[in-house]
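Biologist: Please put the model on the screen. I have a few points to go through.

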Amino acid sequence: MSTDTLLALICPEFSLEDYERIQHWRRAHDAVQADQVLPHFTLVFPVSGWSPGAFAREVEARLAGHEPFEIVLSQAVSHQDSGSADAMVWLVPSIGREALSGLQDRLYAGTLSAERPADEEGIPHITIGRGLEAAASQALVKRINAAGLEMRCTASAVQIVRLKGERVRTVERIPLGRSR
């Protein structure tokens, strides 16, 4: 059995202008991830011990019949994990939040149920900054929110990705709306 670390992500489709704006923030405040993986929502956090094929089949089975949906990112928030001095900056949705949470619950309801992290944050988000001091994180959030944030995007597929060190590679793309 493979010891790959695998994840399931939604990499929504943005307008070019919004994508470039997100990537600008990510390159300035999360440079390692910005060029490794598209802006995304994590549905299944890193798991090991699955072959990429078996993991993709489980995800695909759980996604059967789930249609594409709209997401509207409308707020930036600062997030600090307990026990860490570093803060992150997240973009969170006002529309699509329930659909993202429901998809995540659906994916963890089957064979992956034992893989769900106990400390997993339940707020769907796209990370645009990490490793920031709390004051810098809050200042960035204040600037983004003061300028007004409304980015519309579409979730139309789930990406299965393999993580090796800091390298991320897409293994498979599973379109939403496909019947089993």
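Biologist: How much space lies in the largest pocket?
Modeller: The largest pocket holds about 800 Å³ of space. A pocket here is an open set of points on a 1 Å grid over the protein atoms alone, where a 1.4 Å probe fits, with protein on both sides within 12 Å along at least five of seven lines; lining residues have an atom within 4 Å of a point. Points are joined across faces, edges and corners, and the volume is the space filled by probe spheres set on them.

Biologist: And what do these values rest on?
Modeller: This is a predicted model, in which local features need pLDDT of at least 70 and side-chain atom pairs count only at pLDDT 80 or more, while totals for chains, interfaces and linings use all residues. Residues are numbered from 1 along each chain as its sequence is written, and side-chain values use heavy atoms, with hydrogens and water left out.

Biologist: Back to the pocket: which residues lie nearest its centre?
Modeller: Thr42, Phe45, His125, Thr127 and Arg130 lie nearest the centre, out of 33 lining residues. Strands S1 (5–10), S3 (41–48), S5 (87–95), S6 (126–132) and S8 (157–164), together with helix H4 (97–107), each give two or more residues to the lining. These elements are DSSP runs numbered from the N terminus, with helices (H or I) of at least four residues and strands (E) of at least two.

Biologist: Which element gives the most?
Modeller: S3 does, with five residues.

Biologist: What classes of residue make up the lining?
Modeller: The lining has 16 nonpolar, ten polar and seven charged residues. Ala, Val, Leu, Ile, Met, Phe, Trp, Tyr, Cys and Pro count as nonpolar, Asp, Glu, Lys and Arg as charged, and the others, Gly among them, as polar.

Biologist: New topic, the largest nonpolar core: which members touch the most others?
Modeller: Ile10, Phe55, Val59, Leu73 and Leu91 do, among 40 residues. There is also a second, separate core of five residues, including Leu7, Cys11, Val37 and Val161. A nonpolar core is a set of buried Ala, Val, Leu, Ile, Met, Phe, Trp, Tyr and Cys residues joined through side-chain atoms within 4.5 Å.

Biologist: What is Leu73 in contact with?
Modeller: Beyond its neighbours within four places in sequence, Leu73 is in contact with Phe14, Ile22, Phe41, Leu91, Val92, Pro93, Ile126, Leu149, Glu150 and Met151. Contact means heavy atoms within 4.5 Å.

Biologist: How many aromatic pairs does the structure hold?
Modeller: It holds one aromatic pair. The ring centres of Trp50 and Phe55 are 6.0 Å apart and the planes stand at 80°, so the pair is edge-to-face. Rings of Phe, Tyr and Trp (its six-membered ring) pair if their centres lie within 6.5 Å; planes under 30 degrees apart are stacked, over 60 edge-to-face, and the rest tilted.

Biologist: Is Phe55 buried or exposed?
Modeller: Phe55 is buried, at a relative accessible area of 0%, and Trp50 counts as buried at 13%. Buried means under 20% relative accessible area, exposed over 50%, and partly exposed in between (1.4 Å probe, protein chains only).

Biologist: Then Met88: where is its place?
Modeller: Met88 is in strand S5 and is buried at 15% relative accessibility. Apart from neighbours within four places in sequence, Met88 is in contact with Val77, Ser78, His79, Asp81, Gly129, Arg130 and Ser137. Met88 and Glu133 are 45 residues apart in sequence, with 8.6 Å from C-alpha to C-alpha.

Biologist: And Arg116, where is that?
Modeller: Arg116 sits in the loop between H4 and S6 and is partly exposed, with a relative accessible area of 30%. Not counting residues up to four places away in sequence, Arg116 touches Gln104, Asp105 and Tyr108.
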